[in-house]
Amino acid sequence: MSTIAYAAKRLANGDVVALPTETVYGLGALCHDDSAVQKIFQIKGRPSCNPLIIHVRDLVQAEKYGVFDYQAKTLVKAFWPGPLTLVVPLLPKAKVSRYVTAGLDTIAIRCPSHPIAQNLLSLCSSPIAAPSANTSGYVSSTRFEHVYQEFGDKVTVIESDRSIVGLESTIVDCSESLIKILRPGKVTQVDLENVLNSRVSTSDTKAGSAIKAPGQLKHHYSPRAEVRLNATYKEEDEAVLDFGASNLRGGGFGLNLSPEGNLPDAAANLFDFLRHLDTLGYPKIAVAPIPNKGIGVAVNERLSRAALRKE
Ligand code: TXA
Ligand code: MG
C-alpha cells in the first residue's frame, strides 16, 4: 500500500495524519469526526476556541460546507488550488464537527495545490481539517523532520519535500461585502484587489478583531529564543538572521534568509531557519530588516508575532 493510501486509511480510522501542503505541513483529521478533530487540539495544545481550516478537493466539495457568493467564487477561480483560505458563512447542514468551527457561524476553507494533499483528499470521504503541524504558539513546520521533532510517533507523517511557500495561507474574510485580509500570505492585498477590482481591507489586530480570528491575536510562531527585529547590529548573546546584503553576523554565526535579497526565498526559509537557530540555544535572535512588500508583508507579520513575549 502506498504511503498516501495508508494515510487515507489512518484518517478513515479516526487518526491524525501530518500531511505536506505547499504552505506548511498540516496536522489533519477528517472534518466530520469529532474525536479525531479533538485529538488535533490535544496534540497541539491548541485552545478549543481557535477554529480550524478545512481542506477540500475543489469548489464543488467546498460548497457542501460553506456559502460562496460572487466575490468568493471570483477568488476561488483566480487562486485555487493554492495558498488562499476563504472564511465564508457556514452552510447550516454541513457535516462538520463543531470543534472545527469552534461554534462560529463561518468556516475557513482552502484547496491546497500540493499533489500529495490533493491525492490524499481524493481518497477521503470528507475534507481534512488541519491546522499547521506545530505545538500551539511555536514555529510552523515546513519539513517533515520538524513534525517528527515536535510530535515523534504520536501521528502518522507523510514524508515529502519541504513546503515551497513556507508561510501559511493568506486568509480572507468573505462573510461580509468588504473583503478583509485576516492573515497575510503569498497571495497579497494587491493580488486580491486586482482580481476583485475593488478595495480589500486589512485587519487591525491591535484594535482587537477577536471574534473573527481568535488565533490571530496572541504571540505566535515564537521560538524559545527572544526575537529582536530590524536589527542593525548584533549583541554578543544573539544568533543572527540576515537578509540580502545585511551582514549582522560579521565573522560570527548566523544564517541569511536570502543572500540575493529574494523575498519568496526568505519566506520559504523563515520557519526552517528560526527552528534551526532555536536548537542552538542562543537566548536571542537578531533579525535584519525585511522589505515590507509582496510576501515580505507576511514575513514581517510572522516575525512581529514571534517577537511578542508570552504573558
Ligand atoms: O496554510 C495554511 O493555512 C495551513 C495549512 C496546513 O493549510 N494551515 C494553518 O492553520 O495555518 P492554522 O490553524 O495554523 O491557522 C488557521 C487560522 C487560525 O488563526 C484560525 O483562528 C483561523 O485560521 N480561522 C479558522 N477558522 C476561522 C473562521 N471561521 N474565522 C476566522 N478565522 C478562522
Ligand atoms: Mg498555525
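Biologist: Which elements are among those covering the buried residues of α4?
Modeller: This is a predicted model, where local features need pLDDT of at least 70, side-chain atom pairs count only at pLDDT 80 or more, and totals for chains, interfaces and linings use all residues. Side-chain values use heavy atoms, without hydrogens and water; residues are numbered from 1 along each chain as its sequence is written, and chains are lettered from A and ligands numbered from 1 in the order in which they are written. Helices (DSSP runs of H or I, at least four residues) and strands (runs of E, at least two) are numbered from the N terminus, and contact means heavy atoms within 4.5 Å. The cover includes α3 (59-62), β4 (84-89), β8 (170-173) and α8 (189-196).

Biologist: Which residues of α4 are buried?
Modeller: Buried means under 20% relative accessible area, exposed over 50%, and partly exposed in between (1.4 Å probe, protein chains only). In α4, which spans residues 70-79, the buried ones are Gln-71, Ala-72, Thr-74, Leu-75, Val-76 and Phe-79.

Biologist: Which residue caps the N-terminal end of α4?
Modeller: A polar contact is a pair of N or O atoms within 3.5 Å; within protein, one must be able to donate a hydrogen and the other to accept it, and residues adjacent in sequence count only if both atoms are side-chain atoms. Here the backbone nitrogen of Gln-71 lies 3.2 Å from a side-chain oxygen of the capping residue, Asp-69.

Biologist: What is omega at the cis peptide bond between Trp-80 and Pro-81?
Modeller: Most peptide bonds are trans. Pro-81 sits in the loop between α4 and β4. For the cis bond joining Trp-80 to Pro-81, omega is about -10°.

Biologist: Is Ser-160 buried or exposed?
Modeller: Ser-160 lies in the loop between β7 (156-157) and β8. Beyond neighbours within four places in sequence, Ser-160 contacts Pro-20, Tyr-25, His-114, Ile-116 and Phe-144. Its relative accessible area is 18%, so Ser-160 counts as buried.

Biologist: What is the relative accessibility of Asn-197?
Modeller: Asn-197 is in the loop between α8 and β10 (201-202). Its phi is positive, about 60°, although Asn-197 is not a glycine. Asn-197 counts as exposed because its relative accessibility is 70%.

Biologist: What is the radius of gyration of the protein?
Modeller: The radius is taken over C-alpha atoms, and the globule rule is 2.2 Å times the number of residues to the power 0.38. For 311 residues a compact globule would have a radius near 19 Å, and the protein agrees with its own value of 19 Å.
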